[in-house]
Amino acid sequence: MVSYAALQDNQLISLLKEGDSASFTEIYNRYKGELYVYACKIVKDEELAADLVQEILISLWDRRETLVFKSSIVAYLFTALRYKFFDWVDKQKVRTDYAESFQLFIDEGDWVTDNQIAEKELMAFVEEQINKLPEKMKAVFLMSYKENLSYKEIGLRLNISEKTAHNQANNALRLLKTKIGAFALLLFLHHL
């Protein structure tokens with residue numbers, strides 16, 4: 001029986017590439033302490049250091065068949081740890097930049113502007129749909145909701161019965177609800 005502790009790094013690498021899990025365990029046990037101490041020095045956080053070391057060692061196992069070692073395995077592991085640290089720093093910077101950008105967005109009130117633009121676009125769309133209504137129906141709808149005229153007053157203006165004015169207004173509401181939705185219509189009517 002082979003004692004993995006007695007094997008040289010290059011022998012462990014050969015076995016690792018063949019999928020020998022015991023060689024991985026030996027590499028893990030041989031270098032995890034040194035890697036952890038080094039990681040603690042560069043990140044100043046024991047938990048993060050442990051996570052980074054764990055990630056590079058797991059990556060070593062996952063990529064074992066395709067890895068090419070230009071020098072020693074220890075050099076490879078320390079380089080991988082540095083790259084993992086830089087990757088973590090980049091992610092933290094992106095998160096920080098995003099948080100700062102979002103805070104600036106809130107502080108400057110851009111969201112208000114965006115909502116106002118969206119609301120204007122919605123209102124323009126509703127107006128467009130109202131303009132597509134048949135002429136008499138559109139006239140009744142606008143008199144009823146924009147001018148706040150009663151159905152009797154609308155009937156007198158347009159020379160139609162009060163009941164016809166009522167029916168035309170209801171038909172306009174029904175058509176608009178199907179085309180633009182009840183919420184958009186209510187929002188529009190609120191702004192009149």
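This is a predicted model: local features need pLDDT of at least 70, side-chain atom pairs count only at pLDDT 80 or more; totals for chains, interfaces and linings use all residues.
How are Arg30 and Glu26 separated in helix 2 (residues 21-43)? Being 4 residues apart in that helix, the two are separated by about one helical turn. Residues are numbered from 1 along each chain as its sequence is written, and side-chain values use heavy atoms, with hydrogens and water left out.

**Salt bridges overall**

- The structure holds 6 salt bridges, each defined as a side-chain nitrogen of Lys or Arg within 4 Å of a carboxyl oxygen of Asp or Glu.
- Side chains of opposite charge can pair when their charged atoms come close.

**The network of Asp9, Glu26 and Arg30**

- A network of salt bridges links Asp9, Glu26 and Arg30.
- Glu26 is buried, with a relative accessible area of 15%, whereas Arg30 is partly exposed at 24%; buried means under 20% relative accessible area, exposed over 50%, and partly exposed in between, with a 1.4 Å probe and protein chains only.
- Asp9 belongs to helix 1 (residues 9-17); helices (H or I, at least four residues) and strands (E, at least two) are DSSP runs, numbered from the N terminus.
- Asp9 is buried, its relative accessible area being 18%.
- Leaving aside neighbours within four places in sequence, Asp9 is in contact with Arg30, Tyr31 and Ile73, where contact means heavy atoms within 4.5 Å.

**The pair Glu128 and Lys132**

- A salt bridge joins the side chains of Glu128 and Lys132 at 3.7 Å, N to O.
- Glu128 is partly exposed, with a relative accessible area of 40%, and Lys132 counts as exposed at 52% relative accessibility.

**The pair Glu135 and Lys138**

- The side chains of Glu135 and Lys138 form a salt bridge at 3.8 Å, N to O.
- Both residues lie in helix 6 (residues 135-145), where Glu135 and Lys138 are 3 residues apart, about one turn of the helix.
- Glu135 is exposed, with a relative accessible area of 57%, whereas Lys138 is buried, with a relative accessible area of 15%.
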